Amino acid sequence: MRRGLLRRCPLCGSRGIFEGWFQQVERCPRCNYPTTRVEDQWIGSLGMNIIVSFTLLLGVIAVGFAVTYPDPPVGVLLVAAVSVAALFPVFFFPISRSLWSAIDLAMRPPDPDDDVDPRYLPPTRHGPG
Ligand SMILES: [Zn+2]
């Protein structure tokens, strides 16, 4: 999860899964982990971005009103709320993607179909024992 929050590869921790802030590469340059494992995987990151953004927006409005009550500066709060609503989802976009990849990896460990560098695969439970 920490790797996801830092926009790193969830499997090996490499920083190379983004080119710039937004552009995600197809595979991790170090361990070959695919950044998109299944089609439509990004619906989850989109949903997470929406939930986090709306929670932050609600927090800004609620704290703004609470701190300035009983005379809230509506114009200032409106500018703050619109700024958060417009900018935060853009800022959070790549983080939501790498974080969602980390959640996906936690739920579905890498398998041979992922074509990952074997050094980063978890130990198998084949053989005796
Ligand atoms: Zn990696």
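This is a predicted model: local features need pLDDT of at least 70, side-chain atom pairs count only at pLDDT 80 or more; totals for chains, interfaces and linings use all residues.
Let's start with the metal. The zinc ion is held by four SG atoms, from C9, C12, C28 and C31, at 2.3 Å. Angles among the 4 donor atoms run from 105 to 113 degrees, and the site is tetrahedral. For reference, the ideal angle for four tetrahedral donors is 109.5 degrees. Along the chain, the donors are spaced as C-x2-C-x15-C-x2-C. The pair C9 and C28 ties together distant parts of the chain, 19 residues apart: C9 sits in the loop between α1 (2-5) and β1 (18-19), while C28 sits in the loop between β2 (23-24) and α2 (42-68).

Beyond its neighbours within four places in sequence, C28 contacts C9, C12, S14, I17 and Y33.

Now for a residue elsewhere: S96 is part of helix α3 (residues 74-107). Leaving out residues up to four places away in sequence, S96 touches S45, M48 and N49.

| Residue | Relative accessible area | Class |
|---|---|---|
| C9 | 0% | buried |
| C28 | 3% | buried |
| S96 | 1% | buried |

Why does C28 count as buried? Its relative accessible area is 3%, and buried means under 20%, so C28 falls in that class.

Notes. Residues are numbered from 1 along each chain as its sequence is written. Side-chain values use heavy atoms; hydrogens and water are left out. Contact means heavy atoms within 4.5 Å. Donors are N, O and S atoms within 2.8 Å of the metal (3.2 Å for Na, K and Ca); water is not among the atoms, so sites may look incomplete. Four donors count as tetrahedral if all angles lie between 85 and 135 degrees; four count as square planar and six as octahedral if opposite donors are over 155 degrees apart and all others between 65 and 115; anything else is irregular. Helices (H or I, at least four residues) and strands (E, at least two) are DSSP runs, numbered from the N terminus. Buried means under 20% relative accessible area, exposed over 50%, partly exposed in between (1.4 Å probe, protein chains only).
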